[in-house]
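Here is a short briefing for a first look. Please keep the sequence and the model open as you read.

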Amino acid sequence: MAAPTAVPSATHTEVAPPTLTPIPTHTSTATWTPSPTATPTHTPTATPTATPISACTDRIPPDDLLTIVTRDYGLSRYYEPQDLVPLSAHFPVTITLGFPNEVRAVIIEPLKEIVADMYAAGLAPTIISGYRSHYSQGIAWEKWITQYPEWGHNLSAPPGFSEHQLGTTVDFGSPENDNEFDGYFHQTSEGIWLAEHAHEYGFIMSYPRDTFDITGFFYEPWHFRYVGVELATQLKQSGMTLTEYLLATQPLPCIPEVER
Ligand code: DAL
Ligand code: ZN
């Protein structure tokens, strides 16, 4: 497998270059991602997980599009966005596949636009994951860690450290790879279109190819976070990752001292 390489330095002048240092330093070299099953659930009841509560893990930010969530900076188990809405209220089952996913209301319109334009282009995208509570993320993470003890922590974020807890992140699916999260998504018609156009709707791929050394996660061509058209376009054009941008521009929370 090819060794991951760092993302090219940003050259776009409107995006500040990252000057802050807490960047993951993981050493695994794998870039292939196996196929998990979708784990779209919203279980608001918090229960103990791998992340103990501390001053840092109690972080409850305002509902904001630019909240830092990385492998190092997490959210409280009690953080839940206030404007969650069910996808099923806005999309047909051909899009939701019947999963009970939710997202923040603020991304419904851009999500409708991107899906409509993809259909108009002859594509058939689905949305296979949206908001995941801290508890639900814990279930997904445990499954990955159990199935892939060596790589699981680079495929799934531990509870509290997933952008899915923000409610502004979705995983798109494609019928061409049976709506699975896998390394082939980038080769599907939907994956190719999204990689090229998602920023025009305000969505940015959080974990692009060859950015493992920056994000700590393997390539996830299906995982997009809404940050608004202006920033998504700046990031797309510059090649800077959202992780770098947020660490360089947003107030840094403290880093919880937990083993992940
Ligand atoms: N798969 C991504 C990193 C998550 O679990 O949020
Ligand atoms: Zn995702």
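Ala, Val, Leu, Ile, Met, Phe, Trp, Tyr, Cys and Pro count here as nonpolar, Asp, Glu, Lys and Arg as charged, and the others, Gly among them, as polar. By that scheme the shell around ligand 1 divides into four nonpolar, four polar and two charged residues. Note that this is a predicted model.

**Ligand 1**

- Ligand 1 is surrounded by Arg132, Gln137, Leu155, Ser156, Ala157, Ser162, His164, Tyr207, Phe217 and Glu220.
- Ser162 has a polar side-chain atom 2.6 Å from an oxygen atom of ligand 1.
- Arg132 also places a polar side-chain atom by an oxygen atom of ligand 1, at 3.5 Å.
- Taken alone, ligand 1 exposes 220 Å², and the protein buries 94% of that.

**Zinc ion (ligand 2)**

- His164 (NE2), Asp171 (OD), Asp171 (OD) and His223 (ND1) coordinate the zinc ion at 2.0 to 2.7 Å.
- The arrangement is irregular because the four donor atoms subtend angles of 53 to 163°.
- Tetrahedral donors would need all angles between 85 and 135 degrees.
- The donor residues follow the spacing H-x6-D-x51-H in sequence.
- His164 sits in the loop between helix H4 (152–155) and strand S4 (169–173), and His223 in strand S6 (residues 223–226), so the pair ties together parts that are 59 residues apart in sequence.
- Both His164 and His223 are buried.

How values were computed. Residues are numbered from 1 along each chain as its sequence is written. Chains are lettered from A and ligands numbered from 1 in the order in which they are written. This is a predicted model: local features need pLDDT of at least 70, side-chain atom pairs count only at pLDDT 80 or more; totals for chains, interfaces and linings use all residues. Side-chain values use heavy atoms; hydrogens and water are left out. Donors are N, O and S atoms within 2.8 Å of the metal (3.2 Å for Na, K and Ca); water is not among the atoms, so sites may look incomplete. Four donors count as tetrahedral if all angles lie between 85 and 135 degrees; four count as square planar and six as octahedral if opposite donors are over 155 degrees apart and all others between 65 and 115; anything else is irregular. Helices (H or I, at least four residues) and strands (E, at least two) are DSSP runs, numbered from the N terminus. Buried means under 20% relative accessible area, exposed over 50%, partly exposed in between (1.4 Å probe, protein chains only). A residue is near a molecule or strand if one of its heavy atoms lies within 4 Å of it. A polar contact is a pair of N or O atoms within 3.5 Å; within protein, one must be able to donate a hydrogen and the other to accept it, and residues adjacent in sequence count only if both atoms are side-chain atoms. Accessible areas come from the Shrake-Rupley method with a 1.4 Å probe; for residues, only the protein chains shown count as cover.
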